[in-house]
Amino acid sequence: HIFCQNNYEYALLQSCGIDQEKIINLPVGLHSNFLVKSESFKRLDHREFDVLFCLRYLNHNNHYSLRKRYNFIIQLSNLLSKSNLKVCIVGEGWSQIKSSLSKDVIVLNPPFKDYGLIYQNSKIYCNPSFVEGGPISLAEAFSSGCIICTTPVGLSFNLCIDDNLSYLIPF
């Protein structure tokens, strides 16, 4: 048997002639029971943050830094903030590089139990990573009714399909 993590890998394996019965599709543990019903979402025009990035900042791990594209996130956050958008970065470690960010970029590191409230108060979730297994933050943003802008990695192939609220962006 061959395990795959998303619809893209599944289709790729099928196109290579792998017998469909040998392919097991496990989209990183995502099940529709965990998603919030859309009628309970806060309206986008009533949400505080325009753009949300959610990831930890690890300055001692160069591979993680490249994979997550920290420099790009810093530049994009500053540019969006300069364009009068309210940008929020949520996650551990970002306060140590706050001086690299515009004074208007909001950096939060709340307890994990409060992340859902931030997603529910954000219009757009942005994930520019080069490589992801999930990310879990993508599923959390999706389940909170955020508009999704993500590179084509991990769960994005399962969640960002043929709708008006999710966009796959190029690397």
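pLDDT is the predictor's confidence in each residue, on a scale from 0 to 100. This is a predicted model, in which local features need pLDDT of at least 70, side-chain atom pairs count only at pLDDT 80 or more, and totals for chains, interfaces and linings use all residues. Residues are numbered from 1 along each chain as its sequence is written, and side-chain values use heavy atoms, with hydrogens and water left out.

Colour by pLDDT to begin. The protein has a mean of 86, with 89% of its residues at 70 or more. Among the elements (DSSP runs numbered from the N terminus: helices are H or I, at least four residues; strands are E, at least two), strand 4, residues 87-90, has the highest mean pLDDT, 98. Helix 6, residues 156-159, has the lowest, 70. Where pLDDT is low, the predicted coordinates should not be read in detail.

Next, select the cysteines. With a disulfide taken as a pair of cysteine sulfur atoms within 2.5 Å, the count is 0. Cys-88 is in none; the nearest cysteine sulfur, that of Cys-54, is 8.6 Å away. Cys-88 is buried at 0% relative accessibility, while Cys-16 is exposed at 57% (buried is under 20% relative accessible area, exposed over 50%, partly exposed in between; 1.4 Å probe, protein chains only).

Then go to Asn-121, in the loop between helix 4 (115-120) and strand 6 (122-127). Asn-121 is buried, at 15% relative accessible area. Leaving aside residues up to four places away in sequence, Asn-121 touches Lys-42, His-46, Arg-47, Glu-48 and Phe-49; contact means heavy atoms within 4.5 Å. Its C-alpha atom is 8.6 Å from that of Cys-146, 25 residues apart along the chain.
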